[in-house]
Amino acid sequence: MDEMRPSSGAAAHLGLASIFPPGLQAIYGECRRLYSDQANPLQVTAIVKYWLGGPDPLDYISMYRNVGCPGQDIPEHWHYVSLGLSDLYGDNRVHEFTGQEGPSGFGFELTFRLKREAGETAPPTWPAELMQGLARYVFQSENTFCIGDHISWHCPLDNSESRIQHMLLTEDPQLQPVQTPFGHISFLQIVGVCTEELQAAQQWNGQGILDLLRGVHIAGGPWLITDMRRGETIFDIDPHLQERVDKGIETDGSNLSGVSAKCAWDDLSRPPEDEDDSRSICIGSQPRRLSDKDTEQIREALRKGLEINSKTVLPPISSQRHGHDRPQSRKDSLESESSAAIVPHELVRTRQLESVHLKFNQESGTLLPLCLRGRLLHGRHFTYKSINGDTAITFVSTGVEGAFATEEHPYAAHGPWLQILLTEEFVEQMLSEIQDLSSHESKLLKEYSWPDKKLKISVLPDAVFDSPLQ
């Protein structure tokens, strides 16, 4: 990463509004509404801008001192605001300009609120590095973030010994969405959480856990301010909150409809040398790729899976996008770089498989109970999308419409996309046998088999999925 240095760049532009890029003007204007007394905020900026070949996508991160709200017991804190995920310039140097009606760039900027420590006179700069890391992920994967999303980080956000090692995303409580000549921008706030809180968000939903955090002053409070010194989870502070999570899972199921994961599947119905074999993992050869229409359905399925509907439906495979979607040059959470316009859908036949072997790394494997209990038992679906290619595994219940897996043929594939239909009875049986997967302390290598169903599941070390042959 390029060297980053604090600067006072914002002030230098205040008298040059006529030539100052309109995207920047819009964000600075919203920040000045809150911080009229801080017209010249400290900024962290990469020496070499991304559009000049630098590695850091955010041109600037502004840092403000927020006095909080004593009446609501909201403490003083540092407020960080990114500039660069949206289109700041409108000249295609970073983002493709697509007009005023849609999102500007990726349609959002990141913010972060960090509790100010006693005696601190300047904001720490590590949150700027964290935001640059998240921005690099967005630019490289072209995956967007949404309110309620969770981010598994597996490391203290400030590289200390803190228990705050993961993140949830919510709307910023003070910054309002803005309209620019290049589209609209919303502000997504990063909220630091403990591992137990992340797991609860996965098992239930991010919004539910954010609401619980808002109700616990030392865990975030109404403005969800991150305190890196917090040593207790909300469940340590108030054990009754676990009951609310459990009840929420039982009543609502999980709103997590899919994850990017280290996963693979094998078709055990065919010998590996069969030229027609569409197994997702094939040593020594390239895996089949998702067609653009299959990719669209997976993506739409996950998007709709985040909504609470009375009836879960896998959207029909269609190349038509809704008017509110982003242009095709941008991809949502499950579209991979190689998936667009590769195989015409009509040439990809649905294959019914007799026997399958599913493979997951430990982190993905621990989500299987959530997939079964929180999704399938509530008539929903759950998708694992491989981070290493186009492989996808979608579990569907008998209540999901639009699936190409059926009760008669419960294992079916379109190229590397496998669908598995599980009856409620089989789900209950599986849950009784994989309960040990819920614990992150369980041993790494595990294997489960249901010979009568011709289904096998293995939990394997990460190295298996990191092999270049995979």
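This is a tour of one chain, from the whole model down to single side chains.

The model is predicted: local features need pLDDT of at least 70 and side-chain atom pairs count only at pLDDT 80 or more, while totals for chains, interfaces and linings use all residues. Residues are numbered from 1 along each chain as its sequence is written, and side-chain values use heavy atoms, with hydrogens and water left out.

**Whole chain**

Select everything and colour by secondary structure. The chain has twelve helices and 19 strands; helices (H or I, at least four residues) and strands (E, at least two) are DSSP runs, numbered from the N terminus. Of the 470 residues, 54% are buried. Buried stands for under 20% relative accessible area, exposed for over 50%, and partly exposed for what lies in between (1.4 Å probe, protein chains only).

Switch to a surface view. The accessible surface is about 20,400 Å², and carbon and sulfur atoms account for 49% of that. Areas come from the Shrake-Rupley method with a 1.4 Å probe; for residues, only the protein chains shown count as cover. Contacts (heavy atoms within 4.5 Å) can be split by sequence separation: among those between residues at least 6 apart, 69% join residues at least 24 apart.

**Helix H11**

Select residues 424–433, which make up helix H11. Which residues of H11 are buried? They are Phe426, Val427, Met430 and Leu431. Viewed down the helix axis, these buried residues fall within an arc of 140 degrees, so they line one face of H11; the arc is that of the directions from the helix axis to the C-beta atoms. Glu425 and Ser432 are exposed on the other side of H11.

**Salt bridges**

The structure holds 18 salt bridges, each defined as a side-chain nitrogen of Lys or Arg within 4 Å of a carboxyl oxygen of Asp or Glu.

- Start in helix H2 (residues 22–34), where Glu30 and Arg33 lie three residues apart, about one turn of the helix. Their side chains meet in a salt bridge at 2.6 Å, N to O. Glu30 is buried at 9% relative accessible area, whereas Arg33 is partly exposed at 47%.
- Go next to Asp91 and Arg93, whose closest N and O atoms are 2.7 Å apart in a salt bridge. Asp91 is partly exposed at 39%, and Arg93 is partly exposed at 34%.
- Then show Arg229 and Glu117, paired in a salt bridge at 3.0 Å, N to O. Arg229 sits in the loop between helix H5 (206–214) and helix H6 (234–237), and Glu117 in the loop between strand S5 (103–115) and helix H3 (126–141), so the pair ties together parts 112 residues apart in sequence. Arg229 is exposed at 66%; Glu117 is partly exposed at 24%.
- Finish with Arg65, Glu76 and Arg116, linked in a network of salt bridges.

**A nonpolar patch**

Last, select Ile47, Val48 and Leu52, which form a nonpolar surface patch with about 250 Å² of accessible area together. Patches are made of residues with over 30% relative accessible area and no salt bridge, with like charges joined within 9 Å and nonpolar side chains (Val, Leu, Ile, Met, Phe, Trp, Tyr) within 5 Å. Where is Leu52 found? Leu52 is in the loop between strand S2 (42–46) and strand S3 (60–66), and counts as exposed at 59% relative accessibility.
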